[in-house]
Structures are given as C-alpha cells and as structure tokens.
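Trainee: Could you take me through the features of this model one at a time, giving the general idea before the case at hand?

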Amino acid sequence: MALKEINFDGIVGPSHNYAGLSLGNIASASHKGDPSYPRAAALQGVAKMRGNLARLGVQGFLLPLPRPNALLENVLSFDGSEAAALRAAPWSASSMWTANAATVSPAPDTSDGKCHLTPANLVTMLHRAQEWPDTKRQLDVAFGNSDHFTVHGPVPPTFGDEGAANHGRFCEGHGAPGVELFVYGKTGGKFPARQHEQASRLVARAHGLDPEKCVFIEQNPAAIEAGAFHNDVVSVVNERVLFTHEEAFANRDGAYEAIRAKFPALEVVEVPSSAVSMAEAIRTYLFNAQLLTLPGGSMALIVPEECRESASVWKYCEEMMASNGPIREVIPVDVRQSMANGGGPACLRLRVACDPAHVDPRFLLDEAKADLLERVIGETWPEQIDPSDLGNEALASDIVAARTALLTALGLEELN
Ligand code: SUG
C-alpha cells in the first residue's frame with residue numbers, strides 16, 4: 001500500500017485544566033483559574049477526528065499520559081509550601097497537543113528508508129518537560145515495527161525541542177521525497193523562544209536527512225513576543241503549499257527564497273497583516289489549522305470555530321475560497337476547550353506519513369472505535385475541574401481510573 005498521511009490526534013486527558021502554566025501562551029494565561037470541562041473537551045476532540053476520518057479514510061490517535069504524574073510529584077517534594085503552579089504541573093493534560101509529541105521524518109526522506117521519530121524534550125516548561133518518557137513509551141508501541149520505524153531518544157536538554165509544531169514538509173505528494181522545514185526561535189522578547197536551532201539540526205542529522213533537502217529558518221521574534229510560542233500558530237505546510245502570515249518569519253523574503261531554492265514548486269499563500277493582523281491571527285488561530293489534501297486532490301483548511309466569528313479572518317477565508325488558489329474549502333471545528341489553553345486543530349495532531357498497515361492497529365480509528373472512545377469518555381471523564389481541585393486525592397483516583405478504563409477498552413494495558 002502507498003504511504004498516506006495519518007493524523008494522530010491526542011485524546012484530551014481526564015485531568016484537562018486551566019492552571020495558566022505556559023508563559024508566552026496568551027490563551028493559557030488569560031484562562032488561568034477558569035473551570036475546565038474534560039469530558040466535553042475530549043468529546044470535541046473525538047468529533048474532530050470523526051470528521052477527518054470521513055474526509056480522509058484514515059485517522060490515528062495517541063493516549064493521554066499518566067496523570068497526576070507521581071514520579072514528578074515525588075521529585076518536586078511537595079510539602080504544602082510550594083506555589084500553586086508547581087503543584088499543578090504533574091496534573092497537566094498537555095500531552096493532548098501531539099504536534100509537540102515528536103518530529104517525524106517519513107521514509108522517503110531518510111537515508112535508511114525508515115520513518116524516524118524523535119520525541120520532543122519540551123524542556124522550556126516543566127509541565128511539558130515531564131511528557132517525553134511516557135510519549136516515547138507510547139511511540140515505541142504504536143510505531144514498534146522496526147522494519148519501518150525508528151523511535152529515537154529526545155534531544156539532550158539545553159537545546160529546547162518542541163517537535164512537529166516547528167516543522168513542515170514540502171513534497172509533491174505525501175508518499176514522495178520531501179524537503180523538510182525546521183523553524184527555530186532565537187529570541188522572543190519578553191517570552192521564551194522554545195525551539196533551539198541546534199535541536200532542529202540535531203533531529204535532522206539523527207533522522208538521516210539529506211542536508212540538501214533541509215531548510216532551517218528563524219521565526220520572527222516579534223511573532224513570538226505577540227504570542228506565537230510555536231511556529232504552527234502562524235504558518236502551516238501541506239505538500240507544495242505554505243499557508244503563512246506575512247510576519248511569521250524573521251526574514252520573510254529570505255525564508256521563501258531559501259525554501260524555493262530546494263523546493264522550486266513552492267506555492268506561498270501569504271495572508272497580509274493588512275487583511276488579518278498578527279494579534280487577530282493569534283487570537284483566532286487561523287494558521288493553527290489542518291491543511292489537508294482531500295481524496296480528489298484539492299485542499300481543505302480545518303480551522304477553529306473562532307475563525308468564523310472574526311470579521312477580518314472570515315472575510316479573508318471567504319475570499320480565499322472564492323479565489324483560484326490551492327485552498328478551496330475552509331471548515332470550522334469546535335475545539336474550544338483546547339483553544340482556551342492555546343491548542344487549535346493543528347496542535348492536536350501529529351502527522352505521520354506511512355503505510356497504515358505498519359502501525360499498531362490499536363492506535364487507528366474507525367467508526368466503531370470512535371463510538372467506544374465516546375462511551376468510555378462519557379462514563380469516566382470528569383465533567384468539570386476547578387484549578388483549586390488539583391491536588392485532591394479523590395479527583396486523582398477518578399483521573400487514574402478514567403485513563404485505565406480507556407487503556408483497557410483499547411487493549412493497551414501495557415501503557416499503564
Ligand atoms: O505548550 N498549552 C500548550 C499549547 C500547545 C499548543 N501546541 C502547538 N502550538 N502545537 C503549550 O503552551 C497550557 C497548559 C496550562 O496552562 O495548563 C499549555 O501547555
């Protein structure tokens with residue numbers, strides 16, 4: 001079977017909450033202290049997956065990681081004197097944003113013809129830095145077929161790596177060889193630049209990519225300072241198309257030239273600041289969209305509902321749909337629970353171009369499994385969490401039981 005692009009969405013975990021842990025992520029900061037709705041959040045995610053399964057015929061998922069994370073709680077030696085943000089970190093459901101789970105280079109791009117995955121170390125933020133050991137454990141199972149996949153260890157700390165959120169792949173078709181784009185930050189002004197250039201370069205080397213087929217580009221520091229803590233908040237790549245905000249890169253013309261030098265078929269769909277300001281792009285997450293090639297060959301952009309509610313963004317989208325450009329459909333989805341923590345449709349998925357037959361089938365969705373996910377989530381996921389509940393023992397055991405119920409239903413007890 002030919003390679004296909006499979007979107008592996010993170011199932012929103014039962015501890016989903018708004019503790020405001022992410023400096024530089026405006027949605028996370030502005031929803032700090034709000035009640036969260038884990039059950040509704042996870043069901044929104046499943047509905048998004050169902051839509052894409054119907055559109056593409058294939059869809060994968062990754063499971064929530066163990067929370068609260070007892071290992072981290074032990075390391076942090078809580079005695080009651082700690083700050084609330086520190087107490088919240090082991091409860092974070094941030095692994096739902098699987099665009100940050102790993103960087104993936106599909107088989108046609110690598111020197112040994114295998115698909116390579118490197119889990120992101122996420123070292124910039126404590127609540128995210130705890131993810132990689134359990135993420136790796138899960139990738140080792142889902143992509144355990146070593147004839148076709150290699151799962152690496154993470155980039156060593158110091159060099160922050162945030163995974164596929166700062167990575168894109170230009171190609172003529174998902175099964176064809178590609179040119180891989182790595183976007184790093186040098187400075188983000190008052191906010192941290194999370195992706196280190198050396199992390200990106202190390203991943204490219206570890207994956208056996210041809211240096212002639214890699215492009216390394218700096219993110220615009222002003223974009224980071226405006227709240228684009230990952231590059232996928234301001235641009236997205238699919239096949240030959242780069243859909244991007246005018247101010248995404250430090251050197252706009254230089255960036256397009258560098259890509260075009262290695263991938264001459266590049267088609268840039270650039271949204272000017274005069275049509276959609278950087279602030280509005282970040283508020284609505286227009287670019288944190290899934291840009292999909294539909295079976296007929298045309299492209300659809302799966303955007304958050306927030307885009308339809310913004311006069312300037314929706315006007316742009318309507319004009320784009322009416323134009324002769326490559327993106328012919330814009331489809332809003334409701335992922336508001338994730339959006340309130342700074343995670344749009346693209347944050348919630350990790351793209352892996354591979355033969356679905358080589359993936360552990362327990363991680364692949366069909367309609368019956370979507371029904372199963374909905375049933376388990378509906379029966380076991382907490383309905384509401386207030387940040388002041390974090391630390392509560394009864395809630396902790398409900399969260400553990402909910403995740404265990406899901407693993408059991410899917411036959412994935414080995415991840416317990
Ligand atoms: O790392 N939010 C995540 C959002 C990640 C979005 N991913 C992509 N852009 N690909 C982050 O900032 C909020 C957690 C909190 O505040 O509790 C958080 O971690």
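Trainee: How many nonpolar, polar and charged residues does the lining of the largest pocket have?

Mentor: In this classification Ala, Val, Leu, Ile, Met, Phe, Trp, Tyr, Cys and Pro count as nonpolar, Asp, Glu, Lys and Arg as charged, and the others, Gly among them, as polar; on that basis the lining of the largest pocket has 9 nonpolar, 5 polar and 3 charged residues. This is a predicted model, in which local features need pLDDT of at least 70 and side-chain atom pairs count only at pLDDT 80 or more, while totals for chains, interfaces and linings use all residues. Residues are numbered from 1 along each chain as its sequence is written, and side-chain values use heavy atoms, with hydrogens and water left out.

Trainee: What volume does the largest pocket have, and which residues are the closest to its centre?

Mentor: A pocket is an open set of points on a 1 Å grid over the protein atoms alone, where a 1.4 Å probe fits, with protein on both sides within 12 Å along at least five of seven lines, and lining residues have an atom within 4 Å of a point. Grid points are joined across faces, edges and corners, and the volume is the space filled by probe spheres set on the points. The largest pocket has a volume of about 270 Å³, and of the 17 residues that line it, the closest to its centre are Ala27, His31, Ile282, Arg283 and Met339. Helices (H or I, at least four residues) and strands (E, at least two) are DSSP runs numbered from the N terminus, and those giving two or more residues to this lining are α1 (26–30), α10 (278–284) and α12 (336–339).

Trainee: Which elements each supply at least two residues of the lining of the second largest pocket?

Mentor: They are β1 (4–10) and β12 (290–293). This pocket has a volume of about 230 Å³, and its lining divides into 6 nonpolar, 2 polar and 2 charged residues, with Lys4, Glu5 and His174 among them.

Trainee: Which residues are the closest to the ligand?

Mentor: A residue is near a molecule if one of its heavy atoms lies within 4 Å of it; 20 residues surround the ligand, the closest being Leu21, Ser28, His127, Asp232 and Cys347. By class, this shell has 7 nonpolar, 10 polar and 3 charged residues.

Trainee: What is the case for proline 68 and its peptide bond?

Mentor: Most peptide bonds are trans. Here a cis peptide bond joins arginine 67 and proline 68, with omega about -10°, and proline 68 is found in the loop between β2 (60–62) and α3 (70–76).
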